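Q: I am new to this structure. Could you show me how to read its features one at a time?

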Amino acid sequence: MKLILGLKEQIESIIGTSLDEYEITVNGWNQSAMQLTGEDRAQSNMIMVEGAEEGQLDQEIGSDILTNVNSLKTEERIYFRVRINENEGTVVCWGCSAGSITNETRRLIELLIANSADRIIEEQPVVYENNREQQLAELGQWLRQKIEHPSRQEDIPAQFSLREELQSEKIPFLLQCETPDAHRIRSKELNKLLGSYFGEEIMLIPLGEQDWLFLSDEQIVTGEAEEDTLEARKELLNAFCLGLYELVASEWAGVFHLSASMPCIPKHQLSTITALLHESIHLGRAFHVAQHIHLPWKLQLERLVESIPEQQRLRFIKETGKDTTIFDDSETLVTLETYFSLDCNVSETAKRLFIHRNTLIYRLDKIKQEIGYDVRSFESAVLVRLLLLMYKVTKKL
């Protein structure tokens with residue numbers, strides 16, 4: 001049994017920050033809950049993930065869950081109880097920075113999770129129409145395991161007959177959907193739509209209920225590049241993704257996220273590439289909420305910031321941020337993001353924003369006055385770019 005599909009993604013899009021998933025023992029949850037007294041009881045630091053490896057806690061398995069405790073809060077993080085795995089005696093919970101949401105938002109998340117739990121969907125046995133469909137589904141399950149438990153690069157096991165089709169270079173795409181229950185996408189419909197766009201039969205590998213990996217011939221996507229350079233192929237792939245996203249969005253209601261990689265040999269690289277694409281969508285959603293196409297080579301700085309421990313990010317914001325409330329202003333935010341995306345070119349930024357050059361200079365001067373950094377200087381631009389990224393993922397004023 002499982003919660004309503006896509007709930008985690010829906011909540012993340014509402015609150016503007018990512019939720020990390022943890023699995024702890026029932027006994028661990030109960031002990032933490034009993035330690036906390038009062039409304040936010042949780043100025044305690046004993047909870048859960050401190051010192052845990054990969055989100056797991058080494059605690060004894062308890063029996064009865066404290067069902068009236070829906071969330072726990074420490075000085076640094078809030079943890080929401082999502083569901084109980086009765087067979088394993090564990091609790092699945094989602095966590096985020098305590099400073100990233102208000103108490104009202106915390107109660108709203110508790111309510112959303114509780115309401116979804118009341119609408120649990122019973123899993124039905126899957127019936128495959130043919131052996132190929134079953135092989136694709138099983139390959140998707142294997143890839144999902146590699147995403148959840150990453151390790152070194154691993155070849156597709158010999159048990160999959162499809163591996164013989166994956167010996168030539170392919171371009172992998174990952175599509176994640178957040179569609180309303182009444183408009184859920186079916187693999188057959190998506191397969192047909194993709195086939196019409198690519199002009200050939202696509203190998204569509206289901207990774208989740210609304211999560212697909214699919215592979216295309218390199219020539220179809222990047223074969224028309226005017227120059228045989230890596231940058232030219234990246235630009236062509238970016239344009240191809242824009243068209244593909246618009247096509248999918250025109251067919252179904254909901255929010256869609258798309259990522260793609262440069263060509264690879266799927267037989268040898270598919271597990272690591274799938275993990276990379278999955279990570280790229282996670283980073284894109286965390287740092288660029290308004291965007292829906294997330295390409296790995298455009299997210300190197302975001303990947304670096306994500307790897308920095310939260311405590312260090314907060315320290316950087318505190319020591320360098322001065323008045324980070326300017327990032328709450330939509331005009332300032334759009335101005336900075338456009339300016340950075342155009343390599344700090346004042347003239348091009350003014351054109352893109354449809355404003356006079358002097359108006360842009362006035363905005364940059366205002367930012368300098370409020371935050372103390374002149375982004376027309378290289379060193380200051382680097383600091384503000386890092387500060388903006390850390391502020392986005394940490395949401396700390």
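Q: Which residues lie nearest the centre of the second largest pocket?
A: A pocket is found on a 1 Å grid over the protein atoms alone: it is an open set of points, where a 1.4 Å probe fits, with protein on both sides within 12 Å along at least five of seven lines. Lining residues have an atom within 4 Å of a point. Here 35 residues line the second largest pocket, and Q291, E337, F340, S341 and R385 lie nearest its centre.
A: Two notes on the source. The model is predicted, so local features need pLDDT of at least 70 and side-chain atom pairs count only at pLDDT 80 or more, while totals for chains, interfaces and linings use all residues. Residues are numbered from 1 along each chain as its sequence is written, and side-chain values use heavy atoms, with hydrogens and water left out.

Q: What is the volume of the second largest pocket?
A: A volume is the space filled by probe spheres set on the points, with grid points joined across faces, edges and corners. For the second largest pocket that is about 1,100 Å³.

Q: How do the lining residues divide by type?
A: Ala, Val, Leu, Ile, Met, Phe, Trp, Tyr, Cys and Pro count as nonpolar, Asp, Glu, Lys and Arg as charged, and the others, Gly among them, as polar. This lining has 17 nonpolar, ten polar and eight charged residues.

Q: Which helices each supply at least two residues of that lining?
A: Helices (H or I, at least four residues) and strands (E, at least two) are DSSP runs, numbered from the N terminus. The suppliers are helix 7, helix 9 (300–307), helix 11 (330–341), helix 12 (346–353) and helix 14 (378–394).

Q: How many bridges pair strand 6 with strand 7?
A: Five, in the antiparallel sense.

Q: Where does strand 1 stand in its sheet?
A: That open sheet has the order 1-4-3-2, with antiparallel pairing. Strand 1 (20–25) stands at an edge, as does strand 2 (71–73). Six bridges join strand 1 to strand 4 (residues 90–97), and T25 stands opposite T90.

Note on methods
Two strands pair if DSSP finds at least two bridges between them.
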